[in-house]
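Trainee: Please take one part of this model and look at it closely with me. I would like to follow its neighbours step by step.

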Amino acid sequence: MDLLSLVFCVLLEALAVYCQQGAEDRIVGGYAPVPHSIKYIVSVQTTNRQHFCGGFLISQFWVITAAHCNIGVEKMLVVAGDYSLSVYEGTEQEVLPQFLLPHPQYNYQKNNYDIMLIKLKSPVYLNSYVSVVLLPRQDSAIPVGTMCRVSGWGYTSPTGGPLPSTLRTVMLPITSSAACNSTSSFNGRITENMICAGYNLGGMDACQGDSGGPLVCDGRVYGVVSWGIGCAEAQFPGVYTAVSKVRSWIDSTIYSYYSKCKTL
Ligand SMILES: *[C@@H]1O[C@H](CO)[C@@H](O)[C@H](O)[C@H]1NC(C)=O
């Protein structure tokens, strides 16, 4: 191993350890989508361009990610229009965040309200590589069994291994909260602000590095990749922040930002 690869591996290890503190999340059992067909996803990176979380655009100025991806506004960079993280494709748009607004009730021990708004310093340009995604209405329910898409640049194997450089995606069914919260699964740790998705037998899941990424059902982001036990394990689906439970918070937070600006 040459020095450069060694340094790279050490960095990856450090990041992996950092991410483990928050959640267990990367795409396992999925596939590489057609390049740039998933246009709303962003890679959340450190300022020295190490991917550590996913996110998604809800407008030219606003990104949503998980609250546990909060490493501080000064240390973060948002990249839209990306597909391969290791290849410069000419479609990437790198934007710095202006400020971070984690949900005020975020609880990192219980992973409750694991969602954060990122206001960008400058707008991303919407084009054939970059677009926004719709959100569900407040309290709208998504039926059990609905197939949803989760995407990200996280680990492709539950045991870690090399990070994929290209985006991966997988379709997963919404599972019942009762089953997910049962003693044979998460045993009471599922709150009403979480939804679960995955197969009983496991095999397909989000994993480390997918955190903050979108779970899209019927064209709307119902979930934000949040936490789990391992990745793709039987009996343990992935746990997502239920966006429909915080839609009013998202709207009022963005609205109050703009109304404050007007009076200044
Ligand atoms: C999961 O179980 C716990 C403990 O019984 C309970 O407090 C919580 O409300 C349950 N969550 C849901 C979504 O029903």
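**Strands and their partners**

The protein chain contains three helices and 13 strands. Both kinds of element are DSSP runs, numbered from the N terminus: helices are H or I over at least four residues, strands are E over at least two. Residue numbers start at 1 in each chain and follow the sequence as written. The model is predicted, so local features need a pLDDT of at least 70 and side-chain atom pairs count only at pLDDT 80 or more, while totals for chains, interfaces and linings use all residues.

Confidence comes next. pLDDT is the predictor's confidence in each residue, on a scale from 0 to 100. The protein chain averages 88, and 87% of the residues score at least 70. Residues 1–26 fall below 50. Beyond near neighbours in sequence, that stretch still has 50 contacts in the model. A contact means two C-beta atoms, placed from the backbone, within 7 Å. Among contacts in the protein chain between residues at least 6 apart in sequence, 72% join residues at least 24 apart.

Now the part to study: the barrel. Six strands close into it, in the order β8-β9-β10-β13-β12-β11, with antiparallel pairing. From one strand to the next, the twist averages 45°. That angle runs from 0 to 180 degrees between N-to-C directions, with axes as lines fitted to C-alpha atoms (for helices, over the stretch in contact). Two strands pair if DSSP finds at least two bridges between them. Strands of a sheet pair through backbone hydrogen bonds, either parallel or antiparallel.

Take strand β13, residues 238–242. Five of its five residues are buried, so β13 is largely enclosed by the rest of the structure. Buried means 20 or more other C-beta atoms within 10 Å of a residue's own; 12 or fewer is exposed, anything in between is partly exposed, and the C-beta atoms are placed from the backbone. Across the protein chain of 264 residues, 43% count as buried.

Strand β13 has a partner in β10 (residues 194–197), through four antiparallel bridges. Cys196 is bridged there to Val239 of β13. Strand β12 (residues 220–227) also runs antiparallel to β13, again with four bridges. Its Trp227 has Val239 as bridge partner.

Move on to β11, residues 214–217. In a regular strand the side chains alternate between the two faces of the sheet. Here both faces are covered: Pro214 and Val216 are buried on one side, Leu215 and Cys217 on the other. Four antiparallel bridges link β11 to β12. Val216 stands opposite Val221 in β12. The hairpin of these two strands has two residues between them, and Asp218 in that hairpin takes a positive phi near 50°. Strand β11 also pairs antiparallel with β8 (residues 147–152), over two bridges. Arg149 meets Val216 of β11 as its bridge partner.

For contrast, look at the other sheet. Seven strands form an open sheet in the order β5-β4-β1-β2-β3-β7-β6, with antiparallel pairing. Strands β5 (93–95) and β6 (97–102) sit at its edges, each pairing on one side only. Here the twist averages 30° from one strand to the next. Strand β6 pairs antiparallel with β7 (residues 116–120) over five bridges. In that pair, Leu101 has Leu117 as its partner.

Asn111 lies between β6 and β7. Its phi is positive, near 60°, although the residue is not glycine. Asn111 is buried because 23 other C-beta atoms lie within 10 Å. Arg49 lies in the loop between β1 (41–46) and β2 (51–57). Its phi is also positive, near 65°. Arg49 counts as exposed because it has 11 C-beta neighbours inside 10 Å.

Last, the ligand. The residues around it are Ser177, Asn181, Gly188, Ile190, Thr191 and Glu192.

Terms used:
Near = placed C-beta within 6 Å.
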